[in-house]
Every structure is written in C-alpha cells, then in structure tokens.
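Please read this briefing alongside the sequence and the 3D structure. The notes are grouped by topic.

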Amino acid sequence: MTAWASLRFQGARYFDGGPLHSEDEQAPVPIVTGPALLRPDPRVTLSREQLAADERQSVGGIWLTTPARALFDEVRRHGRLREAVADIEVAVAAGLLSFHDFADYVASRSPWTGIGLARDAVALAGLGCWSRPEANMALTWMLDAGLGRPLCNVPVFDLHGRLIAIVDLLDAEAGCVGEYQGAHHKGVDQHRRDVARFQALRDVGLECFEVVGGDLADVDLVAKRMHATRERSLFRPPSERLWTLDRPDWWPAWAAARCL
C-alpha cells in the first residue's frame with residue numbers, strides 16, 4: 001500500500017482517502033507494484049511506477065511504502081497544492097518523518113510525474129502546523145491575504161518566563177495571533193478556557209482573530225478578518241513588548257509536543 005493508506009496505517013490520522021471522495025464513498029486503496037502484475041480490482045488503484053527496495057517496509061505483516069514515498073505518492077495522487085502542503089504538515093506532525101527528510105526525498109525525484117507540484121508544496125510547507133485546518137488557515141494568511149509567512153504552534157511567554165499560550169498562528173512583527181477553533185471548542189468548559197486564553201494574549205498586547213471550520217470555505221471572509229486584526233495590532237518593537245518567544249530554561253524541547 002502507498003499514499004494515504006500507507007500513511008494512515010503507520011499512524012497519521014488525518015489521511016482518510018480524501019479530498020477527491022465524499023464522506024459516503026470509500027476511496028480505493030492505492031497500491032504500487034513496480035514491475036509486478038496484479039488483477040484489476042475496484043477496491044484498489046494500481047500503479048506500476050518504480051519502487052526501490054528501500055522504499056518499502058513490512059509493518060504488522062503488511063507491505064507499505066516508506067513515509068517519504070507514501071507522502072510523495074499522496075501529494076501527486078490528488079494534485080492539489082494546498083492539500084499537498086497540508087499533507088506534508090500533518091505527516092510531519094504525526095512523527096513519520098521530518099520536513100527535511102521529505103524535502104531531500106523530493107529533490108532526488110527529478111524525472112517523476114507530478115514533481116513540479118511536489119516541489120511547490122515543499123517550498124510552502126515546513127510551517128509547523130498540527131492539523132489540516134491549521135495548515136489551511138496558514139495558507140489563507142499567506143496566499144489569499146498576502147501577509148507573508150507566519151509562525152505556527154509557537155509558545156508565547158510573558159516577561160517572567162510564564163507560558164501564556166501555544167498559538168496556532170503568529171505574526172511576530174505585528175503582534176497578531178490567529179486561532180483555529182474546531183468542533184471540540186463548542187463545549188462550555190472549553191469555551192471558558194478559550195475566552196481566558198484570548199484575554200491573556202490581549203493583556204500582553206497581542207491582537208487575536210478566530211477561524212472556525214465553516215469559515216475556511218470562504219477565503220475572502222477569512223482574509224478580510226486577518227487584515228482587520230493585523231491593522232488593529234500594535235506593531236511594538238521587541239524592546240517594548242510584554243511577551244516574548246524566548247524560551248525559559250524550564251521549557252524543554254519536547255514540551256510543545258506534550259501540549260498537543
């Protein structure tokens with residue numbers, strides 16, 4: 001198995017066979033055979049592209065492509081740039097490979113079909129998003145609002161070294177924060193925590209905007225919200241900020257992952 005099926009089997013939960021298939025339709029499982037021949041079957045899609053011995057591995061008794069090859073095949077399978085960037089982000093977030101691993105892999109695939117899309121996706125990826133909606137929000141910021149490359153999932157501290165929040169999107173120059181609010185944020189307790197979180201960010205001079213699931217389909221709406229929030233932001237120089245990205249000694253490298 002390759003593409004989304006290989007990635008899902010290896011633990012990357014955001015791969016389910018989309019985005020070309022509706023929720024009611026089971027996507028065929030992508031299989032790459034190399035020179036081998038298999039009978040056609042409507043439950044699978046077959047590819048006879050080259051498959052090197054070091055691009056496959058047995059996991060639980062099932063032959064899968066390696067994460068880099070599976071991700072490469074998935075990016076080319078659906079052929080959509082924004083989805084491809086999100087693919088890279090969530091595969092890296094799942095711990096299957098690093099961004100540099102995949103960038104190196106793509107750089108070695110020069111003559112392959114779909115290589116142009118893969119290269120374009122690599123050029124945009126590496127944001128550090130933890131979910132597809134976060135990646136889509138960051139891409140709306142970059143491609144639709146035209147606001148440059150943000151920082152994603154970075155811890156923000158006060159000047160006493162206390163953690164304020166790990167924010168989904170940050171424009172450090174402006175002091176502008178973006179947060180994606182998924183379905184789990186609708187509960188009363190979670191909403192109370194979200195309100196307190198936003199207030200804590202505003203107390204140190206960070207202006208915030210929210211994006212919810214349905215918003216992402218209306219990029220003009222979200223882009224206008226982003227611009228309006230950035231225009232309200234304080235643009236304080238680092239010496240005048242009440243917040244910092246400098247990590248205190250107590251903040252180990254693995255702390256961010258534990259906050260997922």
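A residue is called buried when its relative accessible area is under 20%, exposed when it is over 50%, and partly exposed in between, using a 1.4 Å probe and protein chains only. Helices (H or I, at least four residues) and strands (E, at least two) are DSSP runs, numbered from the N terminus. This is a predicted model, in which local features need pLDDT of at least 70 and side-chain atom pairs count only at pLDDT 80 or more, whereas totals for chains, interfaces and linings use all residues. Residues are numbered from 1 along each chain as its sequence is written, and side-chain values use heavy atoms, with hydrogens and water left out.

**Overall picture**

- The protein contains nine helices and ten strands, and 46% of its 260 residues count as buried.
- Taken along the principal axes, the C-alpha atoms fill a box of roughly 65 × 40 × 35 Å.
- Lys224, which is found in helix α8 (residues 219–232), counts as exposed because its relative accessibility is 63%.
- Between Lys224 and Ile31, which are 193 residues apart along the chain, the C-alpha separation is 42 Å.

- The buried residues of α2 are Pro67, Ala68, Arg69, Ala70, Leu71, Phe72, Asp73, Glu74, Val75, Arg76 and His78.
- Gly79 follows α2 and has a positive phi, near 70°.

**Helix packing**

For these descriptions, axes are lines fitted to C-alpha atoms, for helices over the stretch in contact, and angles run from 0 to 180 degrees between N-to-C directions. Angles under 35 degrees count as roughly parallel, over 145 as roughly antiparallel, 65 to 115 as roughly perpendicular and the rest as oblique. A crossing is left-handed if the near helix is turned anticlockwise from the far one by less than a right angle, and right-handed if clockwise.

- The axes of α2 and helix α3 (residues 81–93) come within 9 Å and cross at roughly 160°, which means that α2 is roughly antiparallel to α3, and their crossing is right-handed.
- With helix α4 (residues 99–107), α2 packs at an angle of about 70°, the axes being 10 Å apart; α2 is therefore roughly perpendicular to α4, and this crossing is right-handed.
- Helix α3 packs against helix α6 (residues 132–144) at an angle of about 130°, with their axes 9 Å apart, so α3 and α6 are oblique to each other, and α3 passes α6 in a right-handed crossing.

**Aromatic rings and charges over rings**

Rings of Phe, Tyr and Trp (its six-membered ring) pair if their centres lie within 6.5 Å, and planes under 30 degrees apart count as stacked, over 60 as edge-to-face and the rest as tilted.

- A search of the whole structure finds six aromatic pairs, among them the edge-to-face pair of Phe157 and Trp250, at 6.0 Å centre to centre with 85° between the planes.
- Phe157 lies in strand β5 (residues 154–158) and Trp250 in the loop between β10 (243–244) and α9 (255–258), so their pair ties together parts that are 93 residues apart in sequence.
- Phe157 is buried at 0% relative accessibility, whereas Trp250 is partly exposed at 48%.
- Trp250 also forms an edge-to-face pair with Trp251, with ring centres 5.4 Å apart and planes at 80°, and Trp251 is buried, with a relative accessible area of 7%.
- Phe72, Tyr105 and Trp112 are linked into a cluster by ring pairs.
- A charge sits over a ring if NZ of Lys or CZ of Arg is within 6 Å of the ring centre and within 35 degrees of the ring normal; the charged end of Arg56 sits in this way over the ring of Trp63, 4.6 Å from its centre, and Arg132 lies over the face of Phe15, at 5.0 Å from the ring centre.

**Backbone with positive phi**

Most residues other than glycine have a negative phi.

- Asn153, in the loop between α6 and β5, is not a glycine but has a positive phi of about 55°, and this residue is buried, with a relative accessible area of 8%.
- Phe235, in the loop between α8 and β10, likewise has a positive phi, of about 50°, although it is not a glycine, and Phe235 counts as partly exposed at 36% relative accessibility.
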